[in-house]
Amino acid sequence: MRAKLLRGFLLGDTRIEPLKGLITTPDRSVTVSPQALDLLLHLASHPDEIFPCEALIDKVWGRTNGDDASLRNALEELALALGEDAQHPRTIERLEGQGCHLTVAAKAIHFPPENGSTG
C-alpha cells in the first residue's frame, strides 16, 4: 500500500505528493517536512488502524531521535498544511492513551505512463 501512495494520494479534496513534499488543498499548496510527510504516509498506508504514539515515533524518527514533542510538532504541521486548526485537527486524530489514526481514507492517485510509454 505504501508504494502506491508514495507517488501521490488524496485525502478528500486534498492532494498529498510525498515525493515532492507537497500538500495541496483547494486553496493553496504547502511544502511540509519529510518527517511530517512520512508520518502521514505511514498512517495512510494502514487504514483503520490506531498507531500507538511510541510506534509512530520509532517509525518516523527512530528510537533515539524522536520523542512526543517531535510527534506533536509534526501533527501540528500537518494540521496547518491541511488547512485545519492545529488544536482541533479533523484529518488526523490523536486519541489520548491510544495513539493516532486518519479519519479520512486515502485514495491513491493513478498517473498516466511517463514519456509516452504504454506500461
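Student: Why is helix H2 called roughly perpendicular to helix H4?

Tutor: H2 and H4 pack at an angle of about 85 degrees, with their axes 9 Å apart. Axes here are lines fitted to C-alpha atoms, for helices over the stretch in contact, and angles run from 0 to 180 degrees between N-to-C directions. Under 35 degrees counts as roughly parallel, over 145 as roughly antiparallel, 65 to 115 as roughly perpendicular and the rest as oblique. That makes H2 roughly perpendicular to H4. One note: this is a predicted model, where local features need pLDDT of at least 70, side-chain atom pairs count only at pLDDT 80 or more, and totals for chains, interfaces and linings use all residues. Residues are numbered from 1 along each chain as its sequence is written, and side-chain values use heavy atoms, with hydrogens and water left out.

Student: Which residues make the contact of H2 with H4?

Tutor: H2 brings Ala36, Leu39 and Leu40, while H4 brings Leu71, Ala74, Leu75, Glu77 and Leu78 (contact means heavy atoms within 4.5 Å). By class, there are seven nonpolar, no polar and one charged residues in this contact. Ala, Val, Leu, Ile, Met, Phe, Trp, Tyr, Cys and Pro count as nonpolar, Asp, Glu, Lys and Arg as charged, and the others, Gly among them, as polar.

Student: What makes H2 oblique to H3?

Tutor: The axes of H2 (residues 34-45) and H3 (residues 53-60) come within 10 Å and cross at roughly 125 degrees, which makes H2 oblique to H3. On the H2 side the contact is made by Gln35, Asp38, Leu39, His42 and Leu43, and on the H3 side by Leu56, Lys59 and Val60. These divide into four nonpolar, two polar and two charged residues.

Student: What lines the largest pocket?

Tutor: The lining consists of Arg72, Leu75, Glu76, Ala79, Ala86, Gln87, Pro89, Ile92, Glu93, Arg94 and Glu96. A pocket is an open set of 1 Å grid points, where a 1.4 Å probe fits, with protein on both sides within 12 Å along at least five of seven lines; lining residues have an atom within 4 Å of a point. Helix H4 (68-81) and strand E5 (92-95) each give two or more residues, and H4 provides the largest share, four residues. By class, the lining has five nonpolar, one polar and five charged residues.

Student: How much space lies in the second largest pocket?

Tutor: About 160 Å³. Among its 14 lining residues, Asp13, Thr14, Leu82, Glu84 and Arg90 are the closest to its centre. By class, this lining has four nonpolar, five polar and five charged residues.

Key:
Points joined across faces, edges and corners; volume = space filled by probe spheres on them.
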